[in-house]
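Welcome! Let's take a friendly walk through this structure, one topic at a time.

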Amino acid sequence: MVLSAAALTALTMPTNAHAAGIACGGGVSTGRVAINGCISAERGSVGRLPTREISAYIKARNTGSRGVNITYEAFSRPDGGSWAKVGTGRSYVAPGQEVGPVEVGSTTRVCAPVRVEIRVHARADGAAWSGWSPAATKQCQS
């Protein structure tokens, strides 16, 4: 996978031996919760057409001394097109706890030599929406 954004980290999902690698973009924050947007592109097919299941994830770390509920959204766009929402969710993050990567949503795309970007943002209860945490992949590479 070719990835963008500052401080990318490749992770694997231990719960599924066939899970795709997950890479996370740079961090943003909302209140005392640090947020990272993450992406994976798992191989598949529809008949003879190769596909990729592009999934958006969020990682959240609470650096505060109180637990907090967060709301998050993920958007995707292929090759500079329009942003489309792929999912939303809510999580509770205990003090000092890190959660994720948690899947926010996914979309299946027929393989094409295009760059697919995701962006994730979050809002802690009582705080403003964070900035965007982006990640990207060349969906049909490797």
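## A glycine between two strands

G21 has a relative accessible area of 29%, so it counts as partly exposed (buried means under 20% relative accessible area, exposed over 50%, and partly exposed in between, with a 1.4 Å probe and protein chains only). G21 sits in the loop between β1 (9-11) and β2 (22-30); strands are DSSP runs of E with at least two residues, numbered from the N terminus.

## About the model

This is a predicted model, in which local features need pLDDT of at least 70 and side-chain atom pairs count only at pLDDT 80 or more, while totals for chains, interfaces and linings use all residues. Residues are numbered from 1 along each chain as its sequence is written, and side-chain values use heavy atoms, with hydrogens and water left out.

## Salt bridges

Side chains of opposite charge can pair when their charged atoms come close. Here a salt bridge is a side-chain nitrogen of Lys or Arg within 4 Å of a carboxyl oxygen of Asp or Glu, and the count comes to five. One of them joins E98 and K59, at 3.8 Å from N to O. E98 lies in strand β7 (residues 98-110) and K59 in strand β4 (residues 49-62), so this pair ties together parts 39 residues apart in sequence. E98 is partly exposed at 44%, whereas K59 is buried at 15%.

Another salt bridge pairs R77 with E117, whose closest N and O atoms are 2.8 Å apart. Because R77 lies in strand β5 (residues 68-78) and E117 in strand β8 (residues 115-124), the pair ties together parts 40 residues apart in sequence. R77 is partly exposed, with a relative accessible area of 22%, and E117 is buried at 16%. A network of salt bridges links R77, R115 and E117.

## The largest pocket

How much space lies in the largest pocket? About 160 Å³. A pocket is an open set of points on a 1 Å grid over the protein atoms alone, where a 1.4 Å probe fits, with protein on both sides within 12 Å along at least five of seven lines; lining residues have an atom within 4 Å of a point. The lining includes T30, R32, N62 and D125. D125 is partly exposed, at 44% relative accessible area, and also forms a salt bridge with R90, with the closest N and O atoms 3.8 Å apart.

Terms used:
Grid points are joined across faces, edges and corners, and a volume is the space filled by probe spheres set on the points. Helices (H or I, at least four residues) and strands (E, at least two) are DSSP runs, numbered from the N terminus.
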